Amino acid sequence: MSAVLKLEQISPFGRKLAWVISGLVLAILPHAPHLAPWTLVLLGLAVAARIFVEVQARALPPKWLRVLVAFFALLGVLFTYRTLNGIEAGTALLVVMAGMKLLETRTVRDLTVLVFLGYFALFAGFLYNQELLRLPYMLATAWLLTATLMRVHQSTLSMPAREAAGLTGKMVLQALPLALLLFLFFPRLPGNFWAIPARAQASTGLDDELSPGDVSELSISSAIAFRVRFDGPAPPPSERYWRGIVLHDFDGRTWRRPMPLYIPQIVRPVGERYRYRITLEPHQRNWIYALEMPTRWPDTAVRTADLQLVTRRHPIATLTSFDLESSTAYVVEAPLPTAMRNVDLRLPAGRNPRSLQLARELRASVASDEAFIEAVLRMFREQEYFYTLEPPRLERDSIDDFLFNTRRGFCEHFASAFTVLARAAGIPARVVTGYQGGEFNPLGGYLIVRQSDAHAWSEVWLDGKGWVRVDPTAAVAPERIERGLDAAMPGHEPVPGRVLRNHRVLSNIRLAWDALNTFWNDQVIEFGETQQRWLAERIGIENLGVRQLGLAIALTLALFFAALAMYLAWRFRPLERDPVQAVYAGLCRKLARANLPKRPHEGPNDYLSRVAAARPQLARELQEIRSIYTALRYEPAPMLARLSRLKFLVNRLRVTRT
Amino acid sequence: MDSPVPTLITQADPVDLIGGTIAQLNRVILGKEHQIRLCLACLLARGHLLIEDIPGVGKTTLAHALAESLGLSYQRIQFTSDILPADIIGVSVFDRETNAFRFHKGPVFSQLVLADEINRATPKAQSALLEAMEEHQVTVDGQTYPLAAPFFVIATQNPMYQIGTYPLPESQLDRFLMRIALGYPDAALERQLLMGKDRRDLLATLAPTLSPQQVLLMQTMVPQVYVSPALLDYVQAIVRFTRESAQFEVGLSPRAAIALLRAAQAWALIHGHAGVLPEDVQAVLGAVVGHRLRPKDESIAKSPAEVGQLVLEAVSVP
């Protein structure tokens, strides 16, 4: 009861302030995970302090204190982020200063500034996250901020919340056509002109080093790694190897990637060619996953000596698409450079002695490298090796421990062991990580590749053939390659999304949602110059340049506002002029030409008396005009017959300029 | 005008009737003709008047002279912080002879009541008067007593020295049709004032120029002054401006709009206009809206007259 009473007692300004604070907090909320905790604490304190001041009707903190706190907050941002520039420091600064502004808010103007800060913070959220899921939240918050802005500018008789929301909705609907127009036709510059600078953010997905357990850990996540849309049929599941990072250096436990070499390699594709568009979720690294061997790629990417695609400049910090062509099989005819051969034969000294011995014995027992590979795969297939998501921990000599003791492993265990065995047998070999498989979304017609599809395999160098993919996992668990992780894992293993996939309705909902997301990503987020050009060609404009586009949009906007102005002019057109008024307006124009304009607020008596004083020779006529006009316009039962007399007098009136 | 109005009115033009009063008041209060006219317009529009000014500019003299000139019974109530509602409206006293309570009417039962320094009284005492003003009657012990007719209250307020005062809240200010200030006379008139007779002696010489009956009849004429659609457009434009402008906390209420129109009609009546002219509205605008509008930025317009001027210049005459 008392709380209700209190609410009633809050001043109109206090209520506006409450609205502004809630809008601001909602706008800043999405930033919370990226912000240094102390900035949030400071903001919270500022909000609490401002509310306390309002409720208790106290004075705001003194100016010197506010300046001091703001100064230290600035220093704090500088120390936390080592800069005031960039997205994260910028956001932190925005949040901290919004809190400081709150502490000096006492007028409607201050409230307006806060609402604009809210808008800014809200849109800054798009720099971090452009997911479809975020959109309703952003819209709702923008709506609230706009309604708040409207209420802030109302008088003390504040607008009811529902009315403000309704009016805002109307405004949003009215703004929609313009927004759509700008979205479709506002000139986009090709390239990375507006690219978002990379942020120091934890990368997701595969790393550039691989230790036992890494991939199986990643496989728990059903987050999406990328989506692929093929021009034409997709390759069969067993051919869907999405090559990622190539790892060469082994220290006995962990595989690492040395500095990549950019030696051009002459690759002869021999397999079937596939053209596709791959859309990578941001993973904060600069490698691009591609089907087996990319044969054609855009200028923004480059192929390393490892035959791996990487971006030229920025890590992939936002959703990014690449149009690629790949072949599922290829031959490298040139011999392997010695430097590379040495790297891919190197093994850590004194580690995994039993494995090395096993490899040497096995190699001695067969005639060729191919036969050796077959023998190792047969060993995995026929002996007691198990494929599991929960492999036991391995000792220091991880390969020995895996091959001879635990015998249970995930793909990285098998790939790692195989590569070590091959190197020990004198065959250059390396570990490749990436993704294998993918779920086809029939609703969107594209392939979804998730983190749970993460995979590791080996590549060995065979003279005359070049690098050959060997997937030891296929030997242990062929279902993994053919039908995915679900099929390969026994029922008790916690495969992510298994329940979802096995439930038809849920599975369809999930696929539909993903198709919607993909549409959002492809058609909205990725909408750029290319799509604009395509759109322009569809409506019959060829060779659309930035200049023409700018001109077109300026013209369209001008037309739009002209139409709007005309509509408003019609809507608020003056009411049907009555003849008396028309004559008086004519008189006013005539007098204005003689340098005696009517002031807008001047009544006819005052005005015509003033004119009569300025032009005494006309005083009599003006006096008669005045009395007829006021009689016709303001007095009861006007004699309309006098209108013609008024017209006559006005027409006859000759006013000189001086 | 063929409406059944008493001969008294049809025989004499209101301008002539009121002209004599204005002339007489002008002799007492020098150089304040506009304020005197506003005061009379306020009376004829059946409103009440609030004069806000420093002491010694002739507030009391104006009230007294008005009462004398119109032949109205006159009472002055000096408001102090210990004044009680009973001091204003009266008190019931037990009469031994009749064995019943008898109501002794207070000073409010006069035709012209001067409530001097109304803001020095407590809100309770203030509201006793303001209620009487609103209702035109007083209810004591379940018994209702009508007030005199005409009934006109002139309240004064000292804008300075606000310590220990209870400024009237906006809702109470609204009960006053007009608020005016008198201000200093200019030098020449002040000299005349210094050389002339004592004002109190002058008051004693005043003869009634109008009878209370004439005042009452003129009051009935005010709402009949013709208002053209064009003028209503203007009044509505003024009201709309105050509501839509960002310069005021709150716009004018419909009651204020009616007040503005009535005051303009009264003004038109005493100036002999057959219909209300925009200039009539402009003449009363400051006095009517000045205390009803509070500028958001106090520095734009401080006095009621400045507020009136602000509105006046912002709205064009259609």
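**A walk through a two-chain model**

Strands here are DSSP runs of E with at least two residues, helices are runs of H or I with at least four, and both are numbered from the N terminus. Four bridges join β6 (residues 137-140) to β7 (residues 143-146) of chain B, and the two run antiparallel. Two strands count as paired if DSSP finds at least two bridges between them.

A quick word on the model: it is predicted, local features need pLDDT of at least 70, side-chain atom pairs count only at pLDDT 80 or more, and totals for chains, interfaces and linings use all residues. Residues are numbered from 1 along each chain as its sequence is written, while chains are lettered from A and ligands numbered from 1 in the order in which they are written.

Now over to chain A. Here six strands make an open sheet, in the order β10-β13-β7-β2-β19-β18, with antiparallel pairing. Which strands stand at the edges? They are β10 (293-296) and β18 (439-441) of chain A, each with a single partner strand, so one side of each has no neighbour in the sheet. Inside the sheet, eight bridges join β7 (residues 273-280) to β13 (residues 320-327) of chain A. One pair to look for is Arg275(A) with its bridge partner Glu325(A) in β13(A).

Next, the nonpolar cores. A core is a set of buried Ala, Val, Leu, Ile, Met, Phe, Trp, Tyr and Cys residues joined through C-beta atoms within 7 Å. Buried means that 20 or more other C-beta atoms lie within 10 Å of a residue's own, with C-beta atoms placed from the backbone; exposed means 12 or fewer, and partly exposed is in between. The largest core has 98 residues, and Ala41(B), Leu260(B), Ala263(B) and Val284(B) touch the most other members. Helix α12 (residues 254-270) of chain B gives the most to this core, twelve residues. Domain 1 (7-217) and domain 2 (225-314) of chain B both contribute, so the core lies between them; these bounds come from an automatic or database domain assignment.

Finally, where do the chains meet? The contact takes 15 residues from chain A and 20 residues from chain B, where contact means backbone-placed C-beta atoms within 7 Å. On the side of chain A that touches chain B, α24(A) has the largest share, three residues.

Methods: Two residues are in contact if their C-beta atoms, placed from the backbone, lie within 7 Å.
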